[in-house]
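Work through the two exercises below with the structure in view. Each task is followed by a solution in steps.

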Amino acid sequence: MHIAMIGTGYVGLVSGACFSEFGHDVVCVDADDGKIEILKAGRIPIYEPGLAALVADNVKAGRLTFTDAIRPAVRAADAVFIAVGTPSRRGDGHADLRYVYAAAKEIAKALDGYTVVVTKSTVPVGTGREVERIIRKANPKADVDVVANPEFLREGSAIEDFMRPDRVVIGTESKRARKVMQRLYRPLYLLETPMLFTTRQTAELVKYAANAFLAAKITFINEIADFCEVVDANVQDVAKGIGLDGRIGAKFLHAGPGYGGSCFPKDTVALTRSAKESGHPLRIVETVIKVNDARKNRMAAKIIAAAGGKVKGKAIAVLGLTFKPNTDDMREAPSLNIVAGLRKAGAKVRVYDPEGMKEARTLLKGVTWCKDAYDAADGAHALAIVTEWNEFRALDLDRLRKQMKAPVIVDLRNVYKRDEMVAAGFHYVSVGRAPVTRR
Ligand SMILES: NC(=O)c1ccc[n+]([C@@H]2O[C@H](COP(=O)([O-])OP(=O)(O)OC[C@H]3O[C@@H](n4cnc5c(N)ncnc54)[C@H](O)[C@@H]3O)[C@@H](O)[C@H]2O)c1
């Protein structure tokens with residue numbers, strides 16, 4: 001089948017590459033011609049493990065191409081996916097749908113023969129209807145069905161998530177469109193991946209409900225973690241103790257500095273905004289947002305307290321800037337709040353991230369950019385592990401201690417065992433576990 005993928009970001013590029021790996025002919029389109037130039041030159045504009053090889057293989061096989069010209073790509077397509085961004089609208093937090101609607105208008109003009117237009121971007125309930133209205137208005141003769149097919153991949157494991165998803169959700173009531181979608185996802189169907197066919201509105205809501213639930217789960221364990229610290233309990237054991245209950249499940253129960261990223265923050269806010277406007281406020285989700293925002297802002301104070309209460313003029317090392325490991329995505333990363341809080345208190349912040357430094361440079365000012373963890377630790381009064389990249393999991397603790405001015409580690413991802421930190425001579429503060437100190 002012929003696919004046009006409109007928007008070649010984290011979702012569009014991964015989805016496009018994976019569909020071409022399934023054997024379909026895919027043209028990835030992006031309005032950013034700089035991105036298309038990079039892709040045409042054989043490079044990848046984002047960091048995602050395994051993506052460079054997957055793209056290279058499929059380009060070589062002639063199944064994957066890149067263009068900034070939307071019309072020919074759409075004209076030749078059996079299915080056109082909209083995978084453009086839906087960021088938070090400035091001021092009110094609603095999903096900003098201008099890119100989706102602009103794409104719909106451009107698609108409408110180029111449609112030729114029966115085509116399924118598929119919204120893969122995360123969009124509020126009712127957007128599919130509006131996309132269809134826009135297309136029919138711009139091109140009344142178009143033979144088209146508009147389907148909702150939200151994407152659940154996670155950055156950092158995006159290819160595996162796309163190739164082996166827990167489920168595929170397809171919102172359409174058209175039999176013709178359903179057949180096209182079944183053919184597109186046939187390799188997953190053969191793997192017995194659950195395919196959930198719903199109405200368009202339901203599919204749109206499934207995505208928001210899933211993200212809101214996961215955000216709530218993280219926020220729940222984070223609050224339990226705070227309570228653990230007060231009563232000298234261990235949040236990791238609590239998480240295990242509840243996670244082994246099949247009704248709860250062990251995933252998304254890692255206490256940390258609060259959720260960030262390109263999806264949970266904007267999607268939870270957009271969901272609460274549209275629910276409130278419809279007269280049915282989602283109070284649990286509203287609270288999750290408030291609790292998480294406050295948490296992200298509190299983490300700097302936790303580091304400052306560990307460093308003795310005053311950090312003016314002191315060097316503080318921050319390891320990890322991206323919102324999670326294995327991505328270069330900095331959107332809504334807790335590190336942004338943490339670095340701002342430390343700088344406000346007068347600290348000299350020394351930062352290092354394996355893949356996120358380029359993106360971080362556009363967002364963080366007044367910090368020292370370091371070449372690795374040890375460089376960041378040099379002369380520091382405290383070191384904070386903010387993102388759990390693998391290379392921070394087995395640091396040479398003796399070397400760190402010798403390089404630091406004061407042996408203080410704040411581990412916001414609970415990467416280390418408390419005993420090993422005490423044995424290595426550190427004052428060690430983590431999340432949801434009582435602090436321990438060198439003897
Ligand atoms: N990033 C994730 O992990 C993830 C996971 C699931 C769902 N989503 C959803 O998928 C959507 C895309 O997210 P993303 O992270 O890939 O965004 P992104 O910002 O990385 O990429 C969006 C791309 O769309 C392009 N674009 C915008 N308007 C265009 C147009 N009219 N024509 C062609 N290209 C256009 C932009 O230039 C950009 O390259 C969002 O709705 C997001 O919520 C994201």
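**Exercise 1.** In this predicted model, describe how helix H12 and helix H13 pack.

Step 1. Locate the helices: H12 covers residues 264–277 and H13 covers residues 283–306.

Step 2. Take the geometry. The two helices pack at an angle of about 140 degrees, and their axes are 9 Å apart. The crossing in which H12 passes H13 is left-handed.

Step 3. List the residues that make the contact. H12 contributes Thr268, Val269, Thr272 and Lys276, while H13 contributes Val285, Glu286 and Ile289.

Step 4. Sort these residues by class: 3 are nonpolar, 2 polar and 2 charged.

**Exercise 2.** Describe the surroundings of the ligand, starting with how many residues surround the ligand.

Step 1. Count the shell: 26 residues surround the ligand, and the closest are Asp30, Lys35, Thr86, Glu155 and Lys266.

Step 2. Sort the shell by class. It holds 9 nonpolar, 8 polar and 9 charged residues.

Step 3. Find helices that take part. Helix H1 (10–21) and helix H5 (98–110) each supply at least two residues of the shell.

Step 4. Look at individual atom pairs. A nitrogen atom of the ligand lies 3.1 Å from a polar backbone atom of Ala31. A ligand nitrogen atom is also 3.2 Å from an N or O atom in the side chain of Ser262. For Lys266, a polar side-chain atom is 2.7 Å from an oxygen atom of the ligand.

Step 5. Finish with the cover. On its own the ligand has 830 Å² of accessible area, of which the protein covers 89%.

Terms used:
Residues numbered from 1 in each chain as written. Predicted model: local features only at pLDDT ≥ 70, side-chain atom pairs only at ≥ 80, totals over all residues. Heavy atoms only, no water. Axes fitted to C-alpha atoms, helices over the stretch in contact; angles between N-to-C directions. Helix = DSSP H or I, 4+ residues; strand = E, 2+ residues; numbered from the N terminus. Left-handed = near helix turned anticlockwise from the far one by under 90°. Contact = heavy atoms within 4.5 Å. Nonpolar A, V, L, I, M, F, W, Y, C, P; charged D, E, K, R; others polar. Near = heavy atom within 4 Å. Polar contact = N/O pair within 3.5 Å; in protein donor to acceptor, adjacent residues only side chain to side chain. Areas by Shrake-Rupley, 256 points an atom, 1.4 Å probe, with all protein chains shown as cover.
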